[in-house]
Amino acid sequence: METLTENKLLLIAPVFMGYYKEIIREAELLGYSVDYVCDAPSNSNISKAIGRVNKKLIEGSTRRYFNNSVLPEIKDKKYNYVLVIASMSFALTPDMVKKLRELNHEARFVMYQWDGEDNLPFAKKIHNYFDKVYTFDRLDCQKKDIYTFLPLFYTREYEGIDKDKAEYDYDCVYIGTAHPKKYEEINRMSLSLADALSKQYIYHYMPSKLKYIYHKILNVEYRKAKFSDFKTEKVSKNDILKLYNSTKYILDAPQAGQNGLTMRTIECLGARKKLVTTNEDIKNYDFYDETNIYVFNEEDNIDFNSSFFTDGYKELPEKIYKKYSLKNWLKTLLED
């Protein structure tokens with residue numbers, strides 16, 4: 001049995017875009033020794049899609065994964081902290097979370113909800129196993145006292161992006177998964193901006209043709225969509241950084257059921273880039289400034305003479321800028 005040592009962290013998180021690697025790296029810089037467990041038995045698009053439809057459909061594979069892969073790795077270890085990043089891919093059942101708690105009854109258990117509660121129906125079933133539950137959704141915090149509000153983060157790479165280039169390859173860039181509402185709003189935004197911002201890079205990621213057919217049948221937003229409108233290859237993080245470095249504006253829209261600010265929004269802040277978004281709630285955040293952020297809505301007649309389009313990026317106070325760093329995010333979760 002391993003002896004309990006200070007700052008031993010078990011991280012349970014999705015593979016999504018490799019953010020778990022950045023969290024591990026930052027935690028290690030803060031002095032934590034980190035073990036990582038994936039939040040689902042498989043990272044395949046098919047498995048994740050089935051799990052999102054109904055987690056009971058993958059419960060058998062999840063139990064095999066937990067019993068054969070997770071428990072043998074951690075059962076003889078002792079942790080001071082257990083951090084669960086709860087997203088739509090999270091597949092561990094309440095009894096599995098309970099088992100983790102029993103194995104580490106002295107540890108501080110913290111859960112961070114990386115989506116709105118409406119998109120995470122499993123979350124309420126495991127809340128009672130955690131000492132503190134955070135969420136990136138400000139409105140969920142207003143509805144329920146269990147939540148502590150904490151927006152997402154930007155990683156160190158975004159701090160190095162040049163915000164004052166003389167010329168850009170693109171006027172605006174969007175890269176994201178083609179969730180129905182998001183797909184429709186980004187296309188509408190792109191069309192409205194096209195006359196003034198003609199050099200656009202719009203990348204709608206679709207995991208598979210099966211997912212496309214699923215949306216085509218069930219979602220009105222896809223009625224006129226063709227499979228050729230989507231890309232099936234994920235854009236690497238390095239390529240995203242290059243694209244952010246080569247554009248003046250970033251476009252963004254939340255998916256249905258989501259009020260919290262997306263990772264893209266906070267990365268845009270970290271990169272000191274101007275943002276066009278459909279998320280009205282951004283006006284309630286301390287970094288909101290109409291010179292840097294344009295809130296787009298369906299009835300909007302875009303004012304291209306506004307300070308957003310005519311003025312340069314307005315620097316944020318350093319205290320506010322650093323507040324949204326991954327370092328500060330982690331310190332808040334583990335040390336608050």
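Student: Is Lys237 buried or exposed?
Tutor: In this predicted model, Lys237 has a relative accessible area of 15%. The cut-off for buried is under 20%, so Lys237 counts as buried.

Student: Which helix is Lys237 found in?
Tutor: Lys237 belongs to helix H8, which covers residues 237–245.

Student: And what does Lys237 touch, not counting residues up to four places away in sequence?
Tutor: With those left out, Lys237 touches Tyr19, Glu22, Thr155, Glu157 and Tyr158.

Student: Tyr19 is aromatic. Which cluster do ring pairs link Tyr19 into?
Tutor: Ring pairs join Tyr19 with Phe16, Tyr112, Trp114, Phe153 and Trp329 in a cluster. Over the whole structure, the search finds 29 aromatic pairs. One of them is formed by Phe16 and Trp114.

Student: What is the geometry of the pair of Phe16 and Trp114?
Tutor: The pair is edge-to-face, at 6.4 Å centre to centre and with 85° between the planes.

Student: Where in the chain are Phe16 and Trp114?
Tutor: Phe16 is in the loop between strand S1 (8–13) and helix H1 (19–29). Trp114 is in the loop between strand S4 (108–113) and strand S5 (132–135). The two residues are 98 residues apart, and the pair thus links distant parts of the chain.

Student: How do they count in terms of accessibility, Phe16 and Trp114?
Tutor: Phe16 is partly exposed, at 44% relative accessibility, whereas Trp114 is buried, at 12%.

Student: Let us change topic. What is the strand order in the open sheet of five strands?
Tutor: The order is S8-S7-S9-S10-S11, and the pairing is parallel. Strand S8 (200–205) and strand S11 (293–295) are the edge strands, each pairing on one side only. From one strand to the next, the twist averages 20°.

Student: Why is strand S9 described as largely enclosed by the rest of the structure?
Tutor: Strand S9 spans residues 247–252, and five of its six residues are buried, so the rest of the structure largely encloses it.

Student: How many bridges join S9 to S7, and how many to S10?
Tutor: Three bridges join S9 to strand S7 (residues 170–177), and four join S9 to strand S10 (residues 274–277). Both pairings are parallel.

Student: How does the chain cross from S9 to S10?
Tutor: The path goes through helix H9 (residues 263–270), and this β-α-β crossover is right-handed.

Student: Which strands does helix H6 lie across?
Tutor: Helix H6 (residues 180–193) lies across S7, S8, S9 and S10, and runs at about 170° to S8.

Student: Back to Lys274. Which ring does Lys274 lie over?
Tutor: Lys274 lies over the face of Phe308, at 5.2 Å from the ring centre. Arg272 is placed over the face of Tyr321, at 4.0 Å from the ring centre.

Key: Residues numbered from 1 in each chain as written. Predicted model: local features only at pLDDT ≥ 70, side-chain atom pairs only at ≥ 80, totals over all residues. Heavy atoms only, no water. Buried < 20%, exposed > 50% of the residue type's maximum accessible area, 1.4 Å probe, protein only. Pairing = 2+ DSSP bridges. Right-handed = clockwise from strand over helix to strand, strands pointing away. Axes fitted to C-alpha atoms, helices over the stretch in contact; angles between N-to-C directions. Contact = heavy atoms within 4.5 Å. Phe/Tyr/Trp six-rings, centres within 6.5 Å; stacked < 30°, edge-to-face > 60°. Lys NZ or Arg CZ within 6 Å of the ring centre and 35° of its normal.
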